[in-house]
Amino acid sequence: MQAALFTYSKVYKLLTKEEFINSAKEGKVLARKCTKCGHLHLVTTYFCQNCGNKGFENIFIEGKGSVVTYTIITVPPDGYEKYVPYAWVVMNLDGIDLRISGFMSNIQSPADLPLGTRVKVAGYDERGMLIEKL
């Protein structure tokens, strides 16, 4: 029985990751909504941080929002040299209390990305979630 549970869990994670990537490519964010209290979470959550429930339903959220913070990368980790300079951006999604982070290319200085800049999810690739200005 334990092997069956592990296999289901592994398949669920793969399906969720594929759905997450496909939704990002369409400019949306796949999130999880608690079936008990309605609190929203990223898909990596296993229990509701609001009420402790383990039941969720997947929902798709429009991937638009505002920059709340970021880090400009000029000395990249191995494999990311061709992308510098870039920013790792945290954005607050419109109309809900949920933040996501992702990669934004061609950001060289804080003047290029003032806090509050309107942004959107623009895709997904080997770098992760891609974010661009609206």
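Reader: Where is His41 found?
Author: His41 is found in strand E2, residues 40-42. Strands here are DSSP runs marked E of at least two residues, helices are runs marked H or I of at least four, and both are numbered from the N terminus. This is a predicted model, in which local features need pLDDT of at least 70, side-chain atom pairs count only at pLDDT 80 or more, and totals for chains, interfaces and linings use all residues. Residues are numbered from 1 along each chain as its sequence is written, and side-chain values use heavy atoms, with hydrogens and water left out.

Reader: Is His41 buried or exposed?
Author: His41 counts as buried, at 3% relative accessibility. Buried means under 20% relative accessible area, exposed means over 50%, and partly exposed lies in between, with a 1.4 Å probe and protein chains only.

Reader: Which backbone atoms does the side chain of His41 reach?
Author: The side chain of His41 reaches the backbone oxygen of His39 at 3.2 Å. A polar atom of the His41 side chain also lies 3.1 Å from the backbone nitrogen of Gln49. A polar contact is a pair of N or O atoms within 3.5 Å; within protein, one must be able to donate a hydrogen and the other to accept it, and residues adjacent in sequence count only if both atoms are side-chain atoms.

Reader: What else does His41 touch?
Author: Not counting residues up to four places away in sequence, His41 touches Ala31, Arg32, Cys34, Phe47, Cys48, Gln49, Phe56 and Leu98. Contact means heavy atoms within 4.5 Å.

Reader: Which residue of E2 is the bridge partner of Arg32?
Author: The bridge partner of Arg32 in E2 is His41. E1 and E2 run antiparallel and are joined by three bridges; two strands pair if DSSP finds at least two bridges between them. The hairpin of E1 and E2 has five residues between the strands, and Gly38 in that hairpin takes a positive phi near 85°.

Reader: What other strand pairs with E1?
Author: E1 pairs with strand E3, residues 56-62, in the antiparallel sense over seven bridges. Ala31 has Ile59 as its bridge partner in E3. E1 is mostly covered, with five of its seven residues buried.

Reader: Which residues have the most contacts inside the largest nonpolar core?
Author: They are Val89, Leu93, Ile100, Met104, Leu113, Met129 and Ile131, in a core of 23 residues. A nonpolar core is a set of buried Ala, Val, Leu, Ile, Met, Phe, Trp, Tyr and Cys residues joined through side-chain atoms within 4.5 Å.

Reader: Which element gives the largest share of this core?
Author: The largest share, four residues, comes from E5. Apart from this core lies another, of five residues, among them Tyr83, Tyr86, Phe103 and Leu130.

Reader: Which residues form the aromatic cluster?
Author: Tyr80, Tyr83, Tyr86 and Phe103 form one aromatic cluster. Rings of Phe, Tyr and Trp (its six-membered ring) pair if their centres lie within 6.5 Å; planes under 30 degrees apart count as stacked, over 60 as edge-to-face and the rest as tilted.

Reader: How many aromatic pairs are there in the whole structure?
Author: A search of the whole structure finds four aromatic pairs. In one of them, the rings of Phe20 and Tyr124 have centres 6.2 Å apart and planes at 90°, so the pair is edge-to-face. This pair links distant parts of the chain, with Phe20 in helix H1 and Tyr124 in strand E7, 104 residues apart. Phe20 is buried, with a relative accessible area of 17%, whereas Tyr124 counts as partly exposed at 24% relative accessibility.

Reader: Which loop holds Thr117?
Author: Thr117 is found in the loop between E6 and E7, and Thr117 is buried, with a relative accessible area of 15%. A polar atom of its side chain lies 2.5 Å from the backbone oxygen of Pro114. Leaving aside neighbours within four places in sequence, Thr117 is in contact with Gly65, Ser66, Val67 and Lys133.

Reader: How do E7 and E8 pair?
Author: E7 and E8 pair in the antiparallel sense over six bridges, and a hairpin joins E7 to E8 through two residues. Lys133 in E8 is the bridge partner of Val119.
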